[in-house]
Amino acid sequence: SSQEIPDVWILHSCSFGLYWHEDVDIPSRRALITGATGLLGRAVFKEFNENNWNAVGCGYRRAQPRFEQINLLDSVAVHDIIHDFQPHVIVHCAAERRPDVVENQPEAASQLNVAASGNLAKEAAGVGAFLIYISTDYVFDGTSPPYKETDVPNPLNLYGKTKLEGEKAVLENNEGAAVLRIPILYGEVERLEESAVTVMFDKVQFSNKSANMDHWQQRFPTNVKDVASVCRQLAEKRMLDPSIRGTFHWSGNEQMTKYEMACAIADAFNLPSSHLRPITDCPVVGALRPRNAQLDCSKLEMLGIGQRTPFRAGIKESLWPFLIDKRWRQTVFH
């Protein structure tokens, strides 16, 4: 009879109407990804989607048509999507993550990084969803690395301060949530400017003019695919073990300055690097940066969670579409 409940309800992610399809195998585990249009969010959405999760992504400026358009500052919209979709896991990737933008727009950055994160944590708790809040190595001042999860944060810039306040807001509103601190990211970008690593590619390629490169700050470039895998592994472990919560660190393990990254990029594509100039002084413009905020990742490693792509392999995969000299591409890929 028409009163019977259909076998499979699937959430049609364009409109959030419920449509009934017979014999459609939609995974029963549901993940909601915020900031799904961004560099990390795209990778997280893809990772869950390709590993037997029903993933829904939401974004704001670049959302349609692929993702739900949600303004995370609109608490009614946030409440509605979480209550309609009933996710098991929410990975909160959306943030203002550019330190210099945060310094110039402190109020807007605080709204997104702190207020929206606290509200999301509260809504997640309301439906029993496991929230993973993406944070940063910039909560540390970089004077005594490597940093464990238990080390006392001391952010040097407003970006680090807003992300630390976001961590507190999340854990105050949802004691079962997780905070995942990560460092500088790179991966398959839509534009080179999307990552502080890939943005250097043009300076590397235009070898006719010399380019100054920071050789002071020690970084640990981390592939977004690896972070995405860690988020999924954490979520899956949590489904079996409710004690999985609190703060975690994940990072690549190759220590490099931006100058060293640029040289590695040049090397990966067989390009000259003699025009790149290492600058060993502490930068004087823009937001203060920690000298070395290396993260100790042993807590996740002890849980058997992790994935690391070697920098050269990851950067080659990320950047070759942006290579100007097409001849090189043909020799390598054909």
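The second largest pocket of this predicted model has a volume of about 290 Å³. A pocket is defined on a 1 Å grid over the protein atoms alone, as an open set of points where a 1.4 Å probe fits, with protein on both sides within 12 Å along at least five of seven lines. The volume is the space filled by probe spheres set on the points, with grid points joined across faces, edges and corners. The model is predicted, and local features need pLDDT of at least 70, side-chain atom pairs count only at pLDDT 80 or more, and totals for chains, interfaces and linings use all residues. Residues are numbered from 1 along each chain as its sequence is written, and side-chain values use heavy atoms, with hydrogens and water left out.

The lining of the second largest pocket holds 15 residues. A lining residue has an atom within 4 Å of a point. Arg42, Ala43, Lys46, Glu188 and Lys225 lie nearest the centre. By class, the lining has eight charged, five nonpolar and two polar residues. Here Asp, Glu, Lys and Arg count as charged; Ala, Val, Leu, Ile, Met, Phe, Trp, Tyr, Cys and Pro count as nonpolar; the others, Gly among them, are polar. Helix H1 (39-49) and helix H7 (224-240) each supply at least two lining residues. H1 gives the most, with five. Helices (H or I, at least four residues) and strands (E, at least two) are DSSP runs, numbered from the N terminus.

H1 is also mostly covered, as nine of its eleven residues are buried. Buried means under 20% relative accessible area, exposed over 50%, and partly exposed in between, with a 1.4 Å probe and protein chains only. The buried residues of H1 include Arg42 and Ala43, both among the residues nearest the pocket centre. Phi of Asn52 is near 65°, a positive value in a residue other than glycine.

Asn71 lies in the loop between strand E5 (68-69) and helix H2. Asn71 counts as partly exposed because its relative accessibility is 28%. Leaving out residues up to four places away in sequence, Asn71 touches Tyr60 and Val78. A contact means heavy atoms within 4.5 Å. Asn71 and Leu112 are 41 residues apart along the chain, yet their C-alpha atoms are separated by 9.7 Å. In the loop between H2 and E6 lies Gln86. Gln86 has a positive phi of about 50° although it is not a glycine. Its relative accessible area is 33%, so Gln86 is partly exposed.

Helix H4 covers residues 106-127. At 1.5 Å a residue, its 22 residues should span 32 Å, and the end C-alpha atoms are 31 Å apart, which agrees. The expected span is 1.5 Å times one less than the number of residues. H4 has a kink of about 30°, centred on Ala116. The bend at a residue is the angle between axes fitted to the seven residues ending there and the seven starting there. Ala116 is itself buried, as are other H4 residues including Asn113, Ser117, Leu120 and Ala124. An α-helix has 3.6 residues a turn, so residues three or four places apart point the same way. The cover over the buried residues of H4 includes strand E3 (30-34), helix H2 (75-85), helix H3 (99-104) and helix H5 (158-173). Just after H4, Gly128 takes a positive phi of about 70°.

Strand E7 (130-136) is also part of the cover of H4. Ser135 is found in E7. Ser135 counts as buried because its relative accessibility is 3%. Beyond its neighbours up to four places away in sequence, Ser135 touches Lys163, Glu167, Val179, Leu180, Arg181 and Ile182. Lys163 and Glu167 are among the buried residues of H5. H5 has 16 residues and reaches 22 Å from its first C-alpha to its last, close to the 22 Å expected. The cover of its buried residues includes H3, H4, E7 and strand E8 (178-182).

Pro146 has its place in the loop between E7 and H5. The peptide bond from Pro145 to Pro146 is cis, with omega near -5°. Pro146 counts as partly exposed because its relative accessibility is 42%. Apart from neighbours within four places in sequence, Pro146 is in contact with Asp151, Gln294 and Asp296. The C-alpha atoms of Pro146 and Pro87, 59 residues apart along the chain, are separated by 35 Å.
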